[in-house]
Amino acid sequence: MIDALRRLNRRVALVVGFGLLTCAAFVLTDIIMRQIGTSLGGTEEIAGYAMALATSWGMSYTLLELGHVRIDLLRSRTGSLTRALFDVFSMIVMSGVVIMIAVKAWPVVERSLVNGSTANTPLETPLIWVQLPWFAGWVWFAVMSSLTTLAALSLLVKRRYADTESVIGAFAEQETLQ
């Protein structure tokens, strides 16, 4: 299951990366146009939206690639069972936080949808255009985090402590173990 989720999230990361490259091209075009006395306008706003979307969607990719920062002073000095327990505990806590963020993000999206809110900028971007995919990214991260936690719990119950390393371990340790 984890391998399938990794493949899926790599595709999502490619789409997000293409969006960031498109945004960078847009900003670069605007910079060049400013040199000749004109501008597209709104590049700062659009770049901010792109970063918010990339962050919310990129978190699940980072999770499954074991790229989240971890302070593992105690974890790295223990056996496989204790490391697995630390890893599962951290995943449970992270899943809870991410689910809470997704739940709390919905009222923001709903308010923009109901009120037809627009950005207080010259572009007057309908906020739902940005907030809905941003919210979907947080929901995606919550689902991926929960599924990863369940997979790790399953490995823990089956007493496959060392296998939890490849699912929720620390990336730096993965490199030293191979």
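R10 is partly exposed in this predicted model, with a relative accessible area of 40%. This arginine forms a salt bridge with E65, and the closest N and O atoms of the two residues are 2.9 Å apart. The bridge links distant parts of the chain, since R10 belongs to helix 1 whereas E65 sits in the loop between helix 2 and helix 3, 55 residues apart. The points below take up the salt bridges, the aromatic pairs and the nonpolar core in turn.

**Salt bridges**

- The count of salt bridges in the model comes to 5, and the bridge between E65 and R10 is one that links distant parts of the chain.
- E65, the acidic partner of R10, is partly exposed as well, its relative accessible area being 23%.
- D30 forms a salt bridge with R34, in which the closest N and O atoms are 2.7 Å apart; both residues lie in helix 1, and their spacing of 4 residues corresponds to about one turn of the helix.

**Aromatic pairs**

- A pair of aromatic rings is described by the distance of the centres and the angle of the planes.
- The count of aromatic pairs comes to 3, among them the pair of W57 and W140, which is tilted, with 6.0 Å from centre to centre and 35 degrees between the planes.
- W57 lies in helix 2 and W140 in helix 4, so this tryptophan pair ties together parts of the chain that are 83 residues apart in sequence.
- W106 and F135 form another aromatic pair that is tilted, with 5.3 Å from centre to centre and 50 degrees between the planes.
- Because W106 lies in helix 3 and F135 in helix 4, the pair that they form ties together parts that are 29 residues apart in sequence.
- W106 counts as partly exposed at 33% relative accessibility, whereas F135 is buried, with a relative accessible area of 16%; the latter value places F135 in the buried class because that class takes in residues under 20%.

**The largest nonpolar core**

- The largest nonpolar core holds 19 residues, and of these I2 and I168 touch the most other members.
- Helix 4 supplies the largest share of the core, with 8 residues.
- When residues up to four places away in sequence are not counted, I2 touches L64, T148, A151 and V167.

Notes
Residues are numbered from 1 along each chain as its sequence is written. This is a predicted model: local features need pLDDT of at least 70, side-chain atom pairs count only at pLDDT 80 or more; totals for chains, interfaces and linings use all residues. Side-chain values use heavy atoms; hydrogens and water are left out. A nonpolar core is a set of buried Ala, Val, Leu, Ile, Met, Phe, Trp, Tyr and Cys residues joined through side-chain atoms within 4.5 Å. Buried means under 20% relative accessible area, exposed over 50%, partly exposed in between (1.4 Å probe, protein chains only). Helices (H or I, at least four residues) and strands (E, at least two) are DSSP runs, numbered from the N terminus. Contact means heavy atoms within 4.5 Å. Rings of Phe, Tyr and Trp (its six-membered ring) pair if their centres lie within 6.5 Å; planes under 30 degrees apart count as stacked, over 60 as edge-to-face and the rest as tilted. A salt bridge is a side-chain nitrogen of Lys or Arg within 4 Å of a carboxyl oxygen of Asp or Glu.
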